[in-house]
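Please look over the model shown here and read the briefing beside it, which begins with one residue and then widens to the whole chain.

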Amino acid sequence: MDRNVVKVLLAAWERPDFRAGLRHLIDLDEVTSLLAALAVDDHDDEVRRRAMELLRSALETAEIRGAVLLLIETDDIRHSLVAAISDNLADRPGLASSIRSALDDPAVRAEIRDALESQGMRTLVWKVAEDEFRGRRLTLVREATLLLLRHRPARRLVWALKRHGVIREWRRRPAST
């Protein structure tokens, strides 16, 4: 949860239609305070853990999952998200460009939606995220491999990302500064 991405989420959060759709499902004050804490550069691991737990529980609710997925369907939010990603990948312009291309493709967004609708896929994605958070690289590789082997939506999403060069650029080493 990078500060720039959090700023994009805060902008989405300010949309009345987005908030109204979530009002009966989650504690809006908790989300607002958590996003504000994440927007600060020097937040601690506890804040990141809290954000992960909130996001995990939220994505288990179909309505919230739908609202989050609508954000990548909304052009201005998607473009702000891509700009935040690009800022974080200044040393990897090829990767930033391929991610932008993928997110602008409606077919890729449909694959993301399909992947997130799979309970097994969400479970494995969270395992991968937790392993990344805890710095367990070997377990991370194992979980990512299981994800691809066991879940067709994951394979389809990877192929969609590959068409846009995301996989190739992700493997490429960052430019030296």
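R109 is found in helix 8, where helices (H or I, at least four residues) and strands (E, at least two) are DSSP runs, numbered from the N terminus. This is a predicted model, in which local features need pLDDT of at least 70 and side-chain atom pairs count only at pLDDT 80 or more, while totals for chains, interfaces and linings use all residues. Residues are numbered from 1 along each chain as its sequence is written, and side-chain values use heavy atoms, with hydrogens and water left out.

**R109 and its surroundings**

- R109 counts as buried because its relative accessibility is 7%, buried meaning under 20% relative accessible area, exposed over 50%, and partly exposed in between (1.4 Å probe, protein chains only).
- The side chain of R109 reaches the backbone oxygen of L103 at 2.8 Å.
- Leaving aside residues up to four places away in sequence, R109 touches I72, E73, R78, L103 and D104, a contact being heavy atoms within 4.5 Å.

**Helix 7**

- In helix 7, which spans residues 93–103, the residues L95, A96, S98, I99, A102 and L103 are buried.
- These residues lie on the same side of helix 7 because they cover an arc of only 165 degrees around the axis, the arc being that of the directions from the helix axis to the C-beta atoms.
- The buried residues of helix 7 pack against helix 6 (75–88), helix 8 (106–117), helix 11 (152–163) and helix 12 (166–171).

**The nonpolar core**

- The largest nonpolar core has 30 residues, and those with the most contacts inside it are I99, V108 and I112; such a core is a set of buried Ala, Val, Leu, Ile, Met, Phe, Trp, Tyr and Cys residues joined through side-chain atoms within 4.5 Å.
- Two or more residues of this core come from each of helix 1 (3–13), helix 5 (62–73), helix 6, helix 7, helix 8, helix 9 (119–134) and helix 11, and helix 7 gives the most, with five residues.
- V108 touches A102, L157, A160, L161 and H164, when residues up to four places away in sequence are not counted.

**The whole protein**

- The secondary structure of the protein comes to 12 helices and zero strands.
- Buried residues make up 37% of the 177 residues in the protein.
- Among contacts between residues at least 6 apart in sequence, 63% join residues at least 24 apart.
- The protein exposes about 10,500 Å², of which carbon and sulfur atoms supply 56%, with accessible areas coming from the Shrake-Rupley method with a 1.4 Å probe.

Methods
Polar contact = N/O pair within 3.5 Å; in protein donor to acceptor, adjacent residues only side chain to side chain.
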